[in-house]
Amino acid sequence: MQGDRLHWWQTRSFVALLALASTIPLLWPEIPPLVDLPGHLGRYRVQLAIDSVPHLRAWYDFRWSLIGNLGIDLLVIPLERLFGLELAVKLIVITVPALTVAGLLWIAREVHGRVPATALFALPLAYSYPFQFGFANYALSMAIALNLFALWLRLARQGRFALRAWLFLPLSCLLWLCHTFGWGALGVLAFSAEMIRQHDRLKEGHHGHWLASWVRAGAGCLPLAVPIAFMVFWRSGDHVTGQTADWFNWQAKINWIAMMLRDRWQVFDLASVLLLFVVLVVGLRHRGLEYSRHLGVSAAFLAAVFLVLPRIVFGSAYADMRLAPFVLAIAVIAIRPRPGLSWRGATIFAGLGLLFFGARLAGTTASYWLYDQRYDRALAALDRVPVGARVLTMVGRRCQDDWAYSRLEHLPAMLLVRRLAFANDQWSMPGAQQLTVKPGPARGWSHDPSQIVTDRQCRGEWWRPIRRSLARFPRGAFDYVWLIQPPPYEQALVRGLTPVWSNGDDVLYRVDPRQPVQPRRNGVSSPR
């Protein structure tokens, strides 16, 4: 590790190869199958077309404002002109795992001097559950934050503190603009690293004192503090809504830890998380391994933030869940070999880490291919939807939180993307994004989660049973009803709805508002 010879996992070409390999699962799907991403695509379409398509202004309101959640929203403006909206978003999303892998390995190299063999175990976390859920701006900001943290460490190692200060004044602002959480994570990482550096510096001069190191670290991180002014301006606006709630929900936090690699196959995903914790234990117990103080403290600081964060921040759910995978990733890359670890021992760790990364990539690639096939089957309905139509969508799901999401919850937004048609899956979060939905005649069927339907009333959820939704939706407000993988329902509920397309699982109906609904009291039948 400390010699002049570079091992195969420490070369720049190998790191570049790993970053490129991390994009493989996203190459085939036309739409990256991330739960919320189709909904974001719909918002981008409104953002780009609302000034030129009058009927969009009748359904949506879009107002630009300075908020810490604009990463891809801004990037699609120039890229859409070059590649079209869908390809532009796909290209941006593809960069997220590549940047995450590169950032983790760069951090490891800056702290340890070389990339330790055990760092390869952290790379599957590039496809962590927050990324799978489709938190697009957040995932991009965290990937960028990792690389900026590596740059922060590199400039400190080179003693170029003035340059670092001037560079990070604009960089921290741009990162905040991408997503607030990425900026916050960079601040935590930078402060923890600077605190250790200042402590060691004071200790060398026989003036070691933790309080002094904290003060000096805070002063060193002042270039990262400019976005605090943006935060105050953003959160003090009259348009801002959303509560901060659900503090110290320990059961939820335990679940987030278990679900860090949640995708499709529960046993495989849980076993993968367990393996990462085994690696952490091996780092403590193995006589040839040790933990870096710098990254160990950084992981501890991030863990403390994860424990303190509530589940809901400013109306945005899953705030704490998003941080969990990065706590684990920083803890894993904190492990390094002691001087006595043999070349053979290091090679074994590198080989096992590479095997783990490859297995997770293969599983994710297969999973995304299956999701893509399901997307294609459902989206064939769009060929029968006229441009500008008003479509009520109903996507079936169970009350039980199945490990493998169908990832169909926001697929209706592709109506906006491809047909400039109304879709009722857009969420309204004033102060958190620019788009809000005008209820109009659609009333309670105009926005998320009105597109989610179940076979019965689910406890603690706003989802409607399909029987109630079909019976009560305002027929005069919609031209079509699109059922995607619906639960069984009574045929009488679709009286006045003319089927115009079906693939066996999904059905597209044209609405005749003059026909009343006459549901039967007994007997349930399926349209299939």
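Predicted model: local features only at pLDDT ≥ 70, side-chain atom pairs only at ≥ 80, totals over all residues.

Trainee: Why is Arg262 called buried?

Mentor: Buried means under 20% relative accessible area, exposed over 50%, and partly exposed in between (1.4 Å probe, protein chains only). Arg262 has 2%, so it is buried. Arg262 lies in the loop between α13 (250–258) and α14 (266–285); helices (H or I, at least four residues) and strands (E, at least two) are DSSP runs, numbered from the N terminus.

Trainee: What does Arg262 touch, not counting residues up to four places away in sequence?

Mentor: Tyr129, Gln132, Asp269, Asp401, Asp402, Trp403 and Tyr405. Contact here means heavy atoms within 4.5 Å.

Trainee: What makes Arg418 and Glu86 a salt bridge?

Mentor: The term asks for a side-chain nitrogen of Lys or Arg within 4 Å of a carboxyl oxygen of Asp or Glu. Arg418 and Glu86 have N to O at 2.9 Å, so they qualify. Arg418 is in helix α18 (residues 414–419) and Glu86 in helix α6 (residues 85–112), and the pair links distant parts of the chain, 332 residues apart. A search of the whole structure finds 22 salt bridges.

Trainee: Is Arg418 buried or exposed, or in between?

Mentor: In between: at 31% relative accessibility, Arg418 counts as partly exposed.

Trainee: Which parts does the Arg377 and Asp505 pair tie together?

Mentor: The closest N and O atoms of that salt bridge are 3.0 Å apart. Arg377 lies in helix α17 and Asp505 in the loop between β12 (497–502) and β13 (507–511), so the pair ties together parts 128 residues apart in sequence. Arg377 is partly exposed at 34%, and Asp505 is partly exposed at 29%. Elsewhere, salt bridges that share partners join Arg109, Glu110, Arg154 and Arg157 into one network.

Trainee: What makes a set of residues a nonpolar core?

Mentor: A core is a set of buried Ala, Val, Leu, Ile, Met, Phe, Trp, Tyr and Cys residues joined through side-chain atoms within 4.5 Å. The largest one has 140 residues, and those with the most contacts inside it are Leu105, Ile107, Phe131, Ile330, Ile333 and Trp482. Helix α8 (residues 136–157) gives the most to this core, with 14 residues. Apart from it lies another core, of 31 residues, among them Val46, Ala49, Phe473 and Val511.

Trainee: How do you know that Val93 is buried?

Mentor: Its relative accessible area is 3%, so it falls under the 20% limit. Val93 lies in helix α6 and touches Leu26, Pro32, Leu34, Leu37 and Phe131, not counting residues up to four places away in sequence.

Trainee: What makes the peptide bond between Asp448 and Pro449 stand out?

Mentor: It is cis, with omega about 5°. Most residues other than glycine have a negative phi, and most peptide bonds are trans. Pro449 lies in the loop between β8 (435–437) and β9 (452–454). Arg443 lies in the loop between β8 and β9, and has a positive phi of about 50° although it is not a glycine.

Trainee: How confident is the predictor, and where does pLDDT stay under 50?

Mentor: pLDDT is the predictor's confidence in each residue, from 0 to 100. The chain's mean is 89, and 92% of its residues reach 70 or more. Residues 522–528 stay under 50, and the model has 18 contacts for them beyond four places in sequence.

How values were computed. Residues numbered from 1 in each chain as written. Heavy atoms only, no water.
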